[in-house]
Amino acid sequence: MKNICNEYNKWLLILPFIGILGSCSNGDEFFEEERYKKEIYVVSDVSQVFQAEYEMTKSDEAVKTLAFAVSGTNPIDRDVNIVVEKDEDLLTKYNYSNYMDETDKYAHGLKETDYTLSSSSVTIKAGAELKDQIGKLPITLKTSVLENLSVDSTYFIPFRIKEASPYEINEDKRNVLYRIYKKNQYASQRNNTYYNSIGYIGSAFFTSTKVVQPLSYNKIRVYVGSQVYSSSDTKATINKNAMIITVNEDNTVTMSPYSTEGGLKVTTLMPSDDPNDSSYGYRNVYNPDEQRFYLYYSYNAGGGEQIIREQMTLE
(Lines give C-alpha, C1' and ligand atoms only; values in the text may rest on other atoms or scores of the structure.)
Protein backbone atom coordinates (compact mmCIF):
# COMPACT_ATOMS: atom_id res chain seq x y z
CA MET A 1 0.00 0.00 0.00
CA LYS A 2 2.87 2.33 0.84
CA ASN A 3 4.46 1.77 -2.59
CA ILE A 4 1.18 2.53 -4.30
CA CYS A 5 0.91 5.86 -2.41
CA ASN A 6 4.47 6.75 -3.32
CA GLU A 7 3.80 6.08 -6.99
CA TYR A 8 0.61 8.14 -6.82
CA ASN A 9 2.42 11.09 -5.23
CA LYS A 10 5.20 10.88 -7.83
CA TRP A 11 2.70 11.18 -10.66
CA LEU A 12 1.07 14.18 -8.98
CA LEU A 13 4.44 15.93 -9.10
CA ILE A 14 5.22 14.92 -12.66
CA LEU A 15 1.89 15.69 -14.33
CA PRO A 16 2.13 19.53 -14.09
CA PHE A 17 5.53 19.42 -15.82
CA ILE A 18 4.12 17.23 -18.56
CA GLY A 19 1.43 19.87 -19.08
CA ILE A 20 4.03 22.64 -19.27
CA LEU A 21 6.13 20.69 -21.75
CA GLY A 22 3.04 20.04 -23.84
CA SER A 23 2.19 23.73 -23.95
CA CYS A 24 5.77 24.59 -24.97
CA SER A 25 5.94 21.97 -27.67
CA ASN A 26 4.23 24.37 -30.02
CA GLY A 27 6.59 27.28 -29.24
CA ASP A 28 6.32 28.76 -32.73
CA GLU A 29 2.82 29.98 -31.93
CA PHE A 30 4.14 31.84 -28.88
CA PHE A 31 6.77 33.69 -30.92
CA GLU A 32 4.33 34.45 -33.70
CA GLU A 33 2.20 36.43 -31.25
CA GLU A 34 3.07 40.10 -30.77
CA ARG A 35 4.72 40.37 -27.35
CA TYR A 36 5.34 44.15 -27.46
CA LYS A 37 2.84 46.77 -28.46
CA LYS A 38 3.29 48.30 -31.90
CA GLU A 39 3.79 52.06 -31.54
CA ILE A 40 5.01 54.63 -34.03
CA TYR A 41 7.87 56.87 -32.93
CA VAL A 42 10.59 59.22 -34.13
CA VAL A 43 14.13 57.97 -33.60
CA SER A 44 16.11 59.99 -31.03
CA ASP A 45 18.37 59.66 -28.00
CA VAL A 46 17.26 59.91 -24.37
CA SER A 47 17.18 63.71 -24.63
CA GLN A 48 14.85 63.57 -27.65
CA VAL A 49 17.68 64.67 -29.93
CA PHE A 50 18.46 63.29 -33.37
CA GLN A 51 21.99 64.13 -34.50
CA ALA A 52 22.42 64.96 -38.17
CA GLU A 53 25.86 65.80 -39.56
CA TYR A 54 25.86 67.62 -42.89
CA GLU A 55 28.95 67.48 -45.07
CA MET A 56 29.84 70.72 -46.81
CA THR A 57 31.11 70.39 -50.37
CA LYS A 58 31.14 72.53 -53.49
CA SER A 59 27.54 71.49 -54.04
CA ASP A 60 24.84 74.08 -53.34
CA GLU A 61 22.95 71.70 -51.05
CA ALA A 62 23.43 68.91 -48.53
CA VAL A 63 20.87 66.29 -47.49
CA LYS A 64 20.37 64.16 -44.36
CA THR A 65 17.35 62.23 -43.14
CA LEU A 66 15.26 62.04 -39.97
CA ALA A 67 14.24 58.47 -39.10
CA PHE A 68 10.92 57.04 -37.91
CA ALA A 69 10.16 53.48 -36.76
CA VAL A 70 7.58 51.13 -35.23
CA SER A 71 8.15 49.18 -32.03
CA GLY A 72 7.32 45.46 -31.72
CA THR A 73 8.95 42.07 -32.17
CA ASN A 74 7.34 41.19 -35.47
CA PRO A 75 7.33 43.05 -38.80
CA ILE A 76 4.39 45.30 -39.57
CA ASP A 77 1.71 43.80 -41.82
CA ARG A 78 0.25 47.15 -42.91
CA ASP A 79 1.82 50.31 -44.33
CA VAL A 80 2.48 53.00 -41.73
CA ASN A 81 1.69 56.61 -42.68
CA ILE A 82 3.15 59.52 -40.70
CA VAL A 83 2.54 63.27 -40.97
CA VAL A 84 5.22 65.56 -39.52
CA GLU A 85 4.99 69.19 -38.39
CA LYS A 86 7.23 71.74 -36.68
CA ASP A 87 7.12 71.92 -32.87
CA GLU A 88 8.33 75.30 -31.60
CA ASP A 89 7.26 74.56 -28.01
CA LEU A 90 9.80 71.74 -27.76
CA LEU A 91 12.74 74.07 -28.42
CA THR A 92 11.39 76.62 -25.93
CA LYS A 93 11.11 73.93 -23.24
CA TYR A 94 14.60 72.63 -24.04
CA ASN A 95 16.22 76.05 -23.66
CA TYR A 96 14.44 76.94 -20.46
CA SER A 97 14.96 73.58 -18.76
CA ASN A 98 18.66 73.54 -19.60
CA TYR A 99 19.65 77.21 -19.29
CA MET A 100 16.73 79.07 -17.66
CA ASP A 101 17.76 82.77 -17.66
CA GLU A 102 21.15 82.24 -19.36
CA THR A 103 19.71 83.24 -22.72
CA ASP A 104 23.14 83.65 -24.30
CA LYS A 105 23.46 79.84 -24.14
CA TYR A 106 20.11 79.14 -25.81
CA ALA A 107 20.00 76.84 -28.83
CA HIS A 108 18.77 78.40 -32.05
CA GLY A 109 15.99 77.18 -34.29
CA LEU A 110 16.37 77.28 -38.05
CA LYS A 111 13.89 79.33 -40.01
CA GLU A 112 11.66 77.46 -42.42
CA THR A 113 13.37 79.28 -45.29
CA ASP A 114 16.71 77.74 -44.24
CA TYR A 115 15.77 74.15 -45.07
CA THR A 116 13.55 72.14 -47.41
CA LEU A 117 11.39 69.10 -46.74
CA SER A 118 10.61 67.04 -49.81
CA SER A 119 7.31 66.18 -48.10
CA SER A 120 5.65 66.50 -44.72
CA SER A 121 4.65 62.82 -44.78
CA VAL A 122 6.60 59.59 -44.36
CA THR A 123 5.59 56.02 -45.24
CA ILE A 124 7.00 52.81 -43.77
CA LYS A 125 6.17 49.97 -46.13
CA ALA A 126 5.00 46.61 -44.83
CA GLY A 127 6.82 43.48 -45.97
CA ALA A 128 10.38 44.49 -45.11
CA GLU A 129 12.51 42.74 -42.52
CA LEU A 130 12.23 44.12 -39.01
CA LYS A 131 15.63 45.85 -39.19
CA ASP A 132 14.63 47.62 -42.40
CA GLN A 133 11.34 48.97 -41.10
CA ILE A 134 12.49 52.59 -41.08
CA GLY A 135 10.82 55.64 -42.55
CA LYS A 136 13.11 58.47 -43.66
CA LEU A 137 12.32 62.15 -44.04
CA PRO A 138 14.90 63.94 -46.26
CA ILE A 139 15.88 67.39 -44.94
CA THR A 140 17.88 69.57 -47.33
CA LEU A 141 19.99 72.55 -46.28
CA LYS A 142 21.69 75.01 -48.59
CA THR A 143 25.47 75.03 -48.26
CA SER A 144 25.34 78.81 -47.77
CA VAL A 145 23.09 78.28 -44.72
CA LEU A 146 25.45 75.69 -43.27
CA GLU A 147 28.44 77.97 -43.71
CA ASN A 148 26.68 80.71 -41.74
CA LEU A 149 26.02 78.47 -38.73
CA SER A 150 28.46 79.26 -35.94
CA VAL A 151 30.47 76.32 -34.58
CA ASP A 152 30.07 77.94 -31.16
CA SER A 153 26.28 77.66 -31.15
CA THR A 154 23.69 74.87 -31.18
CA TYR A 155 21.07 74.63 -33.94
CA PHE A 156 17.88 72.57 -33.99
CA ILE A 157 14.85 72.04 -36.14
CA PRO A 158 12.08 70.89 -33.73
CA PHE A 159 9.62 68.36 -35.15
CA ARG A 160 6.70 66.30 -33.91
CA ILE A 161 4.52 63.54 -35.31
CA LYS A 162 1.24 65.34 -36.05
CA GLU A 163 -0.68 62.18 -36.87
CA ALA A 164 0.00 58.59 -37.82
CA SER A 165 -1.77 55.34 -38.67
CA PRO A 166 -2.62 52.47 -38.34
CA TYR A 167 -0.94 52.12 -34.94
CA GLU A 168 -0.79 54.37 -31.91
CA ILE A 169 1.90 57.03 -31.48
CA ASN A 170 4.40 56.61 -28.66
CA GLU A 171 3.83 59.89 -26.79
CA ASP A 172 7.26 59.74 -25.14
CA LYS A 173 8.94 59.59 -28.56
CA ARG A 174 6.56 61.80 -30.52
CA ASN A 175 8.80 64.89 -30.58
CA VAL A 176 12.39 65.40 -31.63
CA LEU A 177 15.06 68.08 -31.72
CA TYR A 178 16.82 67.57 -35.03
CA ARG A 179 20.34 68.83 -34.28
CA ILE A 180 22.47 70.11 -37.12
CA TYR A 181 26.23 69.63 -37.21
CA LYS A 182 28.54 70.41 -40.07
CA LYS A 183 31.72 68.84 -41.36
CA ASN A 184 34.16 69.08 -44.24
CA GLN A 185 37.02 66.88 -45.37
CA TYR A 186 39.34 68.32 -42.72
CA ALA A 187 37.21 68.41 -39.56
CA SER A 188 33.93 67.46 -37.91
CA GLN A 189 31.80 69.51 -35.56
CA ARG A 190 29.88 66.56 -34.08
CA ASN A 191 33.02 64.83 -32.81
CA ASN A 192 35.99 66.99 -31.92
CA THR A 193 38.72 66.75 -34.55
CA TYR A 194 42.24 66.83 -33.15
CA TYR A 195 45.48 67.58 -34.95
CA ASN A 196 48.95 66.99 -33.54
CA SER A 197 50.88 70.22 -33.92
CA ILE A 198 54.67 70.62 -33.79
CA GLY A 199 56.67 73.63 -34.79
CA TYR A 200 58.49 76.75 -33.75
CA ILE A 201 57.53 80.13 -32.35
CA GLY A 202 60.55 82.07 -33.53
CA SER A 203 63.34 79.66 -32.60
CA ALA A 204 61.50 78.08 -29.64
CA PHE A 205 60.10 74.58 -30.25
CA PHE A 206 56.50 73.78 -29.28
CA THR A 207 54.12 70.87 -29.52
CA SER A 208 50.39 70.73 -28.79
CA THR A 209 47.12 69.06 -29.65
CA LYS A 210 44.76 71.36 -31.52
CA VAL A 211 40.99 71.30 -31.94
CA VAL A 212 40.08 72.04 -35.56
CA GLN A 213 36.55 73.06 -36.50
CA PRO A 214 34.84 73.19 -39.92
CA LEU A 215 33.62 76.56 -41.19
CA SER A 216 32.89 75.93 -44.87
CA TYR A 217 33.81 73.26 -47.41
CA ASN A 218 37.39 74.58 -47.66
CA LYS A 219 37.86 76.54 -44.41
CA ILE A 220 38.68 75.50 -40.86
CA ARG A 221 39.19 77.33 -37.59
CA VAL A 222 42.14 76.71 -35.29
CA TYR A 223 44.04 78.61 -32.61
CA VAL A 224 47.30 80.31 -33.51
CA GLY A 225 50.72 79.12 -32.39
CA SER A 226 50.68 77.07 -29.21
CA GLN A 227 47.40 78.51 -27.90
CA VAL A 228 45.00 75.83 -26.63
CA TYR A 229 41.26 75.89 -27.31
CA SER A 230 38.64 75.01 -24.67
CA SER A 231 34.92 74.50 -25.24
CA SER A 232 34.34 76.92 -22.36
CA ASP A 233 36.24 79.76 -24.05
CA THR A 234 34.33 83.01 -24.33
CA LYS A 235 33.68 84.78 -27.59
CA ALA A 236 36.36 87.32 -26.67
CA THR A 237 38.94 84.56 -26.09
CA ILE A 238 38.08 82.89 -29.39
CA ASN A 239 38.31 86.15 -31.33
CA LYS A 240 41.70 86.86 -29.78
CA ASN A 241 43.23 83.46 -30.58
CA ALA A 242 41.49 81.90 -33.59
CA MET A 243 42.54 82.02 -37.20
CA ILE A 244 41.04 80.67 -40.42
CA ILE A 245 42.95 78.31 -42.69
CA THR A 246 41.62 78.38 -46.27
CA VAL A 247 42.54 75.48 -48.54
CA ASN A 248 42.71 76.47 -52.21
CA GLU A 249 42.05 74.30 -55.26
CA ASP A 250 45.75 73.40 -55.56
CA ASN A 251 45.98 72.58 -51.81
CA THR A 252 47.93 75.72 -51.05
CA VAL A 253 46.68 77.44 -47.92
CA THR A 254 46.34 80.95 -46.55
CA MET A 255 45.83 82.09 -42.97
CA SER A 256 43.70 85.01 -41.76
CA PRO A 257 42.07 86.17 -38.49
CA TYR A 258 38.79 84.49 -37.56
CA SER A 259 37.44 87.83 -36.36
CA THR A 260 38.54 91.44 -36.44
CA GLU A 261 36.84 92.10 -33.09
CA GLY A 262 39.60 90.60 -30.97
CA GLY A 263 42.41 92.64 -32.46
CA LEU A 264 44.25 89.54 -33.72
CA LYS A 265 46.42 90.06 -36.78
CA VAL A 266 47.45 87.05 -38.89
CA THR A 267 49.65 87.18 -41.98
CA THR A 268 50.54 84.36 -44.37
CA LEU A 269 54.31 84.47 -44.93
CA MET A 270 56.27 83.46 -48.01
CA PRO A 271 58.68 80.57 -47.27
CA SER A 272 62.19 80.69 -48.67
CA ASP A 273 63.18 78.70 -51.77
CA ASP A 274 66.55 77.99 -50.17
CA PRO A 275 66.54 74.42 -48.73
CA ASN A 276 68.95 75.59 -46.04
CA ASP A 277 66.52 78.21 -44.76
CA SER A 278 64.44 77.28 -41.69
CA SER A 279 61.20 78.23 -43.46
CA TYR A 280 61.81 76.06 -46.53
CA GLY A 281 59.89 73.01 -45.27
CA TYR A 282 56.78 75.02 -44.40
CA ARG A 283 55.33 75.64 -47.86
CA ASN A 284 51.81 76.69 -46.81
CA VAL A 285 50.23 73.60 -48.29
CA TYR A 286 47.91 70.79 -47.26
CA ASN A 287 49.10 67.27 -48.11
CA PRO A 288 45.95 65.09 -48.43
CA ASP A 289 47.95 61.84 -48.43
CA GLU A 290 49.53 62.71 -45.09
CA GLN A 291 46.47 64.66 -43.87
CA ARG A 292 48.95 67.29 -42.79
CA PHE A 293 49.21 71.08 -43.00
CA TYR A 294 52.57 72.83 -43.46
CA LEU A 295 52.17 76.41 -42.24
CA TYR A 296 54.31 79.54 -42.20
CA TYR A 297 52.65 82.63 -40.79
CA SER A 298 52.90 85.41 -38.24
CA TYR A 299 50.39 86.60 -35.69
CA ASN A 300 50.08 89.47 -33.25
CA ALA A 301 47.55 89.21 -30.44
CA GLY A 302 48.70 92.43 -28.84
CA GLY A 303 51.98 91.21 -27.39
CA GLY A 304 54.14 91.67 -30.47
CA GLU A 305 54.59 89.72 -33.69
CA GLN A 306 55.25 85.99 -33.46
CA ILE A 307 56.69 84.02 -36.42
CA ILE A 308 55.26 80.49 -36.65
CA ARG A 309 56.53 77.43 -38.51
CA GLU A 310 54.10 74.60 -37.91
CA GLN A 311 53.01 71.13 -39.01
CA MET A 312 49.49 70.02 -38.14
CA THR A 313 48.69 66.34 -38.64
CA LEU A 314 45.28 64.71 -38.18
CA GLU A 315 45.23 62.33 -35.21
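**Exercise 1. Describe the largest pocket: what is its volume, and which residues lie closest to its centre?**

*Solution.* Start with the volume: the largest pocket holds about 710 Å³ of space. Here a pocket is an open set of points on a 1 Å grid over the protein atoms alone, where a 1.4 Å probe fits, with protein on both sides within 12 Å along at least five of seven lines. Its volume is the space filled by probe spheres set on the points, which are joined across faces, edges and corners.

Before going on, note that this is a predicted model, in which local features need pLDDT of at least 70 and side-chain atom pairs pLDDT 80 or more, while totals for chains, interfaces and linings use all residues. Residues are numbered from 1 along each chain as its sequence is written, and side-chain values use heavy atoms, without hydrogens and water.

Next, the lining (residues with an atom within 4 Å of a point): 25 residues line the pocket, and Val151, Asp152, Ser153, Tyr229 and Ser231 are the closest to its centre.

Finally, helix 5 (235-241) and strand 11 (175-183) each supply at least two lining residues, and helix 5 gives the most, with three. Helices (H or I, at least four residues) and strands (E, at least two) are DSSP runs, numbered from the N terminus.

**Exercise 2. Find the salt-bridge partner of lysine 58, and say where each residue lies.**

*Solution.* First, the rule: a salt bridge is a side-chain nitrogen of Lys or Arg within 4 Å of a carboxyl oxygen of Asp or Glu. By this rule the count is 14.

Lysine 58 pairs with glutamate 249, with the closest N and O atoms 2.9 Å apart. Lysine 58 sits in the loop between strand 2 (49-55) and strand 3 (61-70), and glutamate 249 in the loop between strand 15 (242-247) and strand 16 (253-257), so the pair ties together parts 191 residues apart in sequence.

**Exercise 3. Are glutamate 310 and lysine 210 buried or exposed?**

*Solution.* Take the cut-offs first: buried means under 20% relative accessible area, exposed over 50%, partly exposed in between (1.4 Å probe, protein chains only). Glutamate 310 and lysine 210 are both buried, whereas lysine 58 and glutamate 249 are both exposed.

Glutamate 310 and lysine 210 form a salt bridge too, at 2.6 Å from N to O. Glutamate 310 belongs to strand 20 (residues 306-314) and lysine 210 to strand 13 (residues 204-216), 100 residues apart.
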